Every structure is written in structure tokens, then in C-alpha cells.
Amino acid sequence: MSERIVVTSPKGGVGKTTVALHLGLALAERGMRTLIVDLDPQGGIGLSLAKRDGEWRGLVDVLAGEAQCAEVVVRTNEPRLAILPRGRLDPIEVPSFEDAVRTRGALDALLRPIEDAFDRVILDTPSGLGGITRAALGAADWALVVFKAEPLAMRSIQQVLRVIEHVREGERPELSLLGIVPTMVELSKEHSQSSMVALWTELEGVLDAAIPRSDALARASQLGVPVSYLGGRLPPEARRFAQLADEIEGVIHASRRGDGIETREQRALV
Ligand SMILES: Nc1ncnc2c1ncn2[C@@H]1O[C@H](COP(=O)(O)OP(=O)(O)OP(=O)(O)O)[C@@H](O)[C@H]1O
Ligand SMILES: [Mg+2]
């Protein structure tokens, strides 16, 4: 049984797609058979891999009944990583794509036949808390919230946490918060540091594996490759995603084993 992970944030351009892609790759490198699903009408995953609009068939074609999911899944050069692209979408058709994705049960019905072949399914969502994000949360086991370390980010994080709770209490009791992953962190800048301090002090579930603001990440997405696929020396940022994958796997395994928060007796060192 695969674990479905939604990558989400109310704000746009905060690094969701970058996290979805690099986390997917890191999980695959760790031995997990991983599928990244592009639920963004903008086709963020295809864009960040420098694919031309419409180059890949995908979800749109499956939802229109013109293809089977298994036919449009793209295999990658990382043997355990596959992508279910958005597919060919005329911008005029975006509202009907959104309607099709958010039709009750549609996403679940679409993923079920293929997910036996995967251990982890990562759903990249558009920004905002609209229909597609709600549908993804309503079909998921885990929500991974992306927090861009900048002023006012706390406000939008509170919104997404409220929506996750609402979905969990209503339609999807299996949904849990996987964690909050800080991105574009620049601890040398006062505004970034103060937003991190607010995050650490006010919220639980903040993951240790923060992603720094990085020129290498921006350059990699311009070239259409994950950062660890750039030529030259391996940029240190690549390791952050390996850490993120390890941390996330720790949370998932602890939860599936039914572990609570570890408590211990007080001891004496000497
Ligand atoms: N840690 C980082 N450091 C520097 N640049 C980054 C970082 N993460 C992402 N970027 C860059 O910021 C831009 C937006 O990132 P990305 O597309 O991942 O955001 P998004 O939240 O998915 O956006 P959208 O809401 O439009 O889907 C991209 O150009 C990406 O290369
Ligand atoms: Mg995106």
C-alpha cells in the first residue's frame, strides 16, 4: 500500500514543486518506488524539467478517457522514480480540468489502479486552497506544508493547517500532517531569521531539514534538472533533500508502528 503525500502551501512561488521533485528523487534514491503526480494546471513539474507545454500526455488525457494512467506515466533515469504529468491542457480548458480533478472520488479512482507499483505517491498542487488542493488533501495520507521563510508567511501557514484539520475531521480521517518544511531560508537575513523564529516557537511539526535559498536550485530548475543532476561538484543543497526524505520516512514509520512521542525516565550521567 503506497503512502500519498500532498505538497501544499497557500502562497505561490514558495518552492512546492522544487520540494516535490527533489523529495521524490531523494525517496527513490533511498529505495522507495516513487511517483510524482503533477496536479497543477500550470504543469509545474513539467516546467521545472524544461518540458514544452503539451510534450507529455498525462492526467488531462486520463481524465478525458483518452488514455490509461499506466500509459502516460513517464519513467525517469532514476530507476525507482516515475512522473504522472499534467498532460496537454489548453489554457481555456483549465476550469474543466479543475472540475474533473475535484469530482468526488476521481483522484482516488485514478490513482488506485497504478499505485500498487509505488511505495510513495507525491502530489504537487497549485498554490492556494482551492478545489484541486482540497481534492488532493481529501485523497491523501499526509500533508507536507511548504513554508517560505519570509515575513507574513505565518499567516498563510495557519490557513493551510486549518484546512488540513477540517479535511481530516470531515472527509479524510487518514490525513495527517507530515510536517512543515521551511524553504528559501536565509538565516543571515533578519527578515528570514525572524520568520523562522516565529515558526519554531509558534508551531509544532516543523521539520529539521530546512532548505536554504540556493542559487544552485534556481539554476537547476532553469536547466530543467534536479540539483544533484547538475554537472560539477555535488552542491550541498542536494543533501538537504536526502535529510528531508530520511526525516519524513521516520515520521511515516513511527506512525505506522503506532509509536507515540518518545518519553523517558530521568537518568543521571554521573
Ligand atoms: N530553495 C530555493 N532557493 C532558490 N530558489 C528556489 C528555491 N526553491 C525554489 N526556488 C525557485 O523559485 C521558483 C519557484 O519555485 P517553485 O516552482 O518550486 O515554487 P511553487 O511553490 O511550486 O510555485 P507555484 O505556486 O507557482 O506552483 C523557481 O524558479 C525555483 O527554481
Ligand atoms: Mg509549483
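What percentage of the 270 residues in the protein is buried? Buried residues make up 44%, where buried means that 20 or more other C-beta atoms lie within 10 Å of a residue's own, exposed means 12 or fewer, and partly exposed is in between, with C-beta atoms placed from the backbone.

Hello everyone. What we have here is a predicted model, in which local features need pLDDT of at least 70 and side-chain atom pairs count only at pLDDT 80 or more, while totals for chains, interfaces and linings use all residues. Residues are numbered from 1 along each chain as its sequence is written, and chains are lettered from A and ligands numbered from 1 in the order in which they are written.

Let's start with the overall view. The protein has 11 helices and seven strands; these are DSSP runs numbered from the N terminus, helices being H or I with at least four residues and strands being E with at least two. Its radius of gyration is 18 Å, close to the 18 Å of the globule rule for 270 residues, so the protein is as compact as a globular protein of that length. That radius is taken over C-alpha atoms, and the rule is 2.2 Å times the number of residues to the power 0.38.

Now to the sheet. Seven strands form an open sheet in the order β3-β4-β2-β5-β1-β6-β7, with mixed pairing; two strands pair if DSSP finds at least two bridges between them. At the edges stand β3 (74-75) and β7 (176-183), each with a single partner strand, so one side of each has no neighbour in the sheet. Helix α8 (residues 153-169) packs on the sheet, where it touches β1 (3-8), β6 (142-148) and β7, and its direction makes about 170 degrees with that of β6. Touching is a matter of contact, meaning C-beta atoms, placed from the backbone, within 7 Å. For the angle, axes are lines fitted to C-alpha atoms, for helices over the stretch in contact, and angles run from 0 to 180 degrees between N-to-C directions.

Have a look at β1. Six of its six residues are buried: E3, I5 and V7 point one way, and R4, V6 and T8 the other. In the parallel sense, β1 pairs with β5 over five bridges and with β6 over four. The bridge partner of E3 is R120 in β5, and that of T8 is V145 in β6. On β5 we also find D124, the bridge partner of D38, from the five-bridge parallel pairing of β2 (residues 34-38) with β5 (residues 120-124).

Next, the ligand. Which residues come nearest to ligand 1? Of the 19 around it, they are G12, T17, T18, S127 and S221; a residue is near if its C-beta atom, placed from the backbone, lies within 6 Å. Helices α1 (16-29) and α10 (215-223) each give at least two residues to this shell.

Finally, the loop between α2 (44-48) and α3 (59-63), where G58 has its place. Is G58 buried or exposed? G58 is buried, because 26 other C-beta atoms lie within 10 Å. Leaving out residues up to four places away in sequence, G58 touches D38, V72, L84, P85, R86 and G87. A50 is found in the loop between α2 and α3 too, but A50 is exposed, with 12 other C-beta atoms within 10 Å. Most residues other than glycine have a negative phi. Phi of A50, however, is near 60 degrees, a positive value.

Technical notes
Two residues are in contact if their C-beta atoms, placed from the backbone, lie within 7 Å.
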